[in-house]
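Trainee: Please walk me through this structure feature by feature. I would like the general idea each time, then the case at hand.

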Amino acid sequence: MIRHLLKLVWHRKRANALVMVEIFISFLVVFAVVTLAAMAITGWNRPLGFDWHEVWLISLDTPPLSPGAPVSLSSDDPARETIARVLREAKSFPQVVDAALSDTPAYSNSESVGNWNRNGHTVSLTRDNVSDDFAKVMRVKLVRGRWFQRSDDALGYSPVVVDRDLAREFFGEADPIGQKFDEYENVTFRVVGIVEPYRKSGELAPPGVNMAFLRKSLEKPNGAIPSNIVLRVQPGTPAAFEEELTRRLHEVAPDVPMRVKRMDRMRELGLRVRLIPIVVAGIVALFLITMVALGLTGVLWQTVTRRTREIGLRRALGASGAAVRAQVLLEVALVATLALIAGVVIVAQLPILGIFRIVTPAAFAMGLACSLAMIYGLTVLCGVYPGWLASRVQPAQALHYE
Amino acid sequence: MRSYLMLALKVLQRRKFFTFISLVGISLTLVVLVVATAMLDDLFGPHAPQSRFDRVLMVSRVAKYGPEVSTTMNPGYGFLHDYVLNLPGIERATAFTDLVTSAIYRGGDRIETRIRRTDADYWKILDHRFVEGGPFTAADVQRGAHIAVITDELRTKLFGPGPAAGRSFDLEGDRYRVVGVVEAVPITRIAAYSQLWTPVTTLRTDWQRKFLGEFNGLVLARGRGDFAAIKSEFARRVDAIPIDDPKTYKEIRASIDTPFETFARELMTGPGMRKFNQHAPLVVELIIGIVALLYMTLPALNLVTLNLSRMLERAPEIGVRKAFGAPRTALVSQFVLENVVLTLIGGFCSFVLATAALAAINGSGLIDGARFALNWRVFIWGLGIAVFFGVLSGFYPAWRMSRLHPVEALRGGAK
């Protein structure tokens, strides 16, 4: 049966080739959009590794140590005194649970990324410079080892906390605690703790942030001091407190412009920026698919009208209406299958090209399965009405045709 | 020609279902392209309060390149003062800061607002509509007056209904007096947008001498014809800038661009993208063109298959015309014309749909104060796209049709 149908399809190869190209491109479009959506959905359900509720952010406009140039770790930041004063003042409020420094806070749109080489394999990672109370403010979950503490000032090396993703990529199965991490200006960095994956850009950002926290201390010179303060306030703190806080902070540091932001608002904006492209792509894909579906119905309809004689002959030789309908549907399905095989072959190359660095295998599989099902469903659906038309062809009328 | 047009319309009426399918396909395709065009026009075309944007040039990035470190930042005021504001042969120039988001606290409320610091010429290049008071003057800027221009939206949030000129508010530890109120500006007006403007002299940081910083320069030329001269003069000046730390940096680059070129350069700036920098506008134009073309491929294929399957219906007609000696070019042009008529009708449908879509986007609040609309520029672009699409999707079926052998065609069809 299939063999016979293949022959029929081959016989009308020029018309079918165009339909196949159409289905092939539609499949790629649907696959891309569904995978994007699947990434968003799976991302939404994975834990963030921190808690943004009741977190506020103070950004200070301190002059950069020396813009662009690498900052020496032994140099002293002239803004350190001011930042320390503002931090102390912020902590003194009863409404503030805790406060800490951070260079590139979550949802802030700024990132510090880099590569590190270990035993010949390069891992890209995201860094943030934070102070000791950061874990308490952001409620970062410790998995093993310890977070930074005050006594770290006396250590002969610089402590680093990495997240689980980075620990696995870097050290594999080996125990990361105590491992040397990096070296810079004769300072050795050593891993002291591991935290849950910290997804600093939020729910919809791609996985594999590979976070590394470096410790910044206000007690001793260690380069540029982060100019953002994250603070956790008591639940239900009113906006009026924000005004009081800003006024007091302006009083302690009159020369430094600063502003208070809220992480829930930053999160909202960040999510919107990431959601808009998915929605737009979805709408455009929907348009394309509607178009293809309508076009395919038209083409099949036309084909059925053209093949009235052939169909009439089958009916005259005793084929039932259902058998004729099955033939039309199977032919469409066959053409779709051929197109989808080509599509899957193309898509299967993506993991080799390293797509799993951006897309999780789960989202990839979900995208593949959903788009296959959608395209199959759609093409068969397009064949239903023409198939029904074909099944109603009367042998006598058909054989009369010419 | 006229008879071809009449024939085209008759053919379309003959098979209503196919005409409908084709029209839906064409309209859906073109609506997306028209909406995209309208958005691009909104961003880069001259629209109030950027009515003079067809003859402005901007400087918004200065890059310092070294063997190890590269820094790309906004120019500082010092840079603009030395190399941009005093360019010869221009009508006017202004320096203004990037937007900063801050909050004003009033009666227990937190009012979030964007702030821009500008000089006095800013108000002469951009034509904000003042509903109350007026802009601050050069003298106000000179003496560092703590005064502000706000939008009517912010006025309502701050002071409720009624006039606000002369009233005051506190911002980041300073007290400002309102001197003017302007109509709210859509966020898509990149230079004109803000909610609050204060004189540049109210900045507390050491801004005046800085080479890199948070400023943008905007130059108003007397006409577009002067662009080339201004650009080459600016390039000459940039080449002559002494490098202050030649150990770290070897090269300073900056360019004075039209708004679209600025946007393109911004898109193409990034690690490893440096070589593109010179040709960034061209590259972005090409990318936009290719994306639009790719986007049209699927609908065009769709239309091609539809047209091909309709071809048989017309076989007797083609046969007759060929038998009476019509040359192939005549047939091809007739069928392409028919297809163009179809896409043009689809194009007009898409203008109606695009108007609705843009109104929906404006109303959705996704883009602050968006005022996307169709205008004659978008209309002409849209028509051009529709005709292009018609030719693209009509040519192959027309060519196939014209190749039908007359005998076979008269008999009623090939495979």
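Trainee: How many bridges pair strand E5 of chain A with E8(A), and is the sense parallel or antiparallel?

Mentor: Two strands pair if DSSP finds at least two bridges between them. Strand E5 (residues 142-145) of chain A meets E8(A) over three bridges, in the antiparallel sense. One named pair is Leu142(A) with Val195(A) of E8(A). Strands here are DSSP runs (E, at least two residues), helices likewise (H or I, at least four), numbered from the N terminus. This is a predicted model: local features need pLDDT of at least 70, side-chain atom pairs count only at pLDDT 80 or more, and totals for chains, interfaces and linings use all residues. Residues are numbered from 1 along each chain as its sequence is written, while chains are lettered from A and ligands numbered from 1 in the order in which they are written.

Trainee: Which way does strand E6 of chain A run against E8(A)?

Mentor: Parallel. Six bridges join E6 (residues 158-163) of chain A to E8(A). Val160(A) has Val191(A) as its bridge partner in E8(A).

Trainee: Where is Asn228(A), and is it buried or exposed?

Mentor: Count C-beta atoms, placed from the backbone, within 10 Å of the residue's own: 20 or more others means buried, 12 or fewer exposed, in between partly exposed. Asn228(A) sits in strand E10 (residues 228-233) of chain A. It has 22 such neighbours, so it counts as buried. Contact means C-beta atoms, placed from the backbone, within 7 Å. Beyond four places in sequence, the contacts of Asn228(A) include Leu57(A), Ser59(A), Leu101(A) and Asp103(A).

Trainee: Which residues other than glycine have a positive phi?

Mentor: Take Glu54(A), with phi of about 55°. It lies in the loop between helix H2 (13-45) and strand E1 (55-60) of chain A. Glu54(A) is partly exposed, because 17 other C-beta atoms lie within 10 Å. Asn210(A) also has a positive phi, near 55°. Its loop runs between strand E8 (187-195) and strand E9 (211-215) of chain A. Asn210(A) is buried, because the count is 24.

Trainee: Where is Pro49(B) found?

Mentor: In the loop between H2 and strand E1 (56-59) of chain B. The peptide bond from Ala48(B) to Pro49(B) is cis, with omega near 0°.

Trainee: At what angle do helix H7 of chain A and helix H2 of chain B cross?

Mentor: Two packed helices are described by the angle and the distance between their axes. Axes are lines fitted to C-alpha atoms, for helices over the stretch in contact, with angles from 0 to 180 degrees between N-to-C directions. H7 (residues 263-306) of chain A and H2 (residues 16-44) of chain B cross at roughly 165°, their axes coming within 9 Å. So H7(A) is roughly antiparallel to H2(B); the cut-off for that term is over 145 degrees. The contact involves, among others, Phe287(A), Met291(A) and Leu294(A) of H7(A), and Ile21(B), Gly25(B) and Leu28(B) of H2(B). Its residues divide into nine nonpolar, five polar and no charged. Nonpolar means Ala, Val, Leu, Ile, Met, Phe, Trp, Tyr, Cys and Pro; charged means Asp, Glu, Lys and Arg; the others, Gly among them, are polar.

Trainee: How many residues does each chain give to the contact?

Mentor: Chain A gives 39 and chain B gives 37. H9(B) supplies the largest share of chain B's side, eleven residues. By class, that side has 18 nonpolar, twelve polar and seven charged residues.

Technical notes: Parallel < 35°, antiparallel > 145°, perpendicular 65-115°, else oblique. Contact = placed C-beta atoms within 7 Å.
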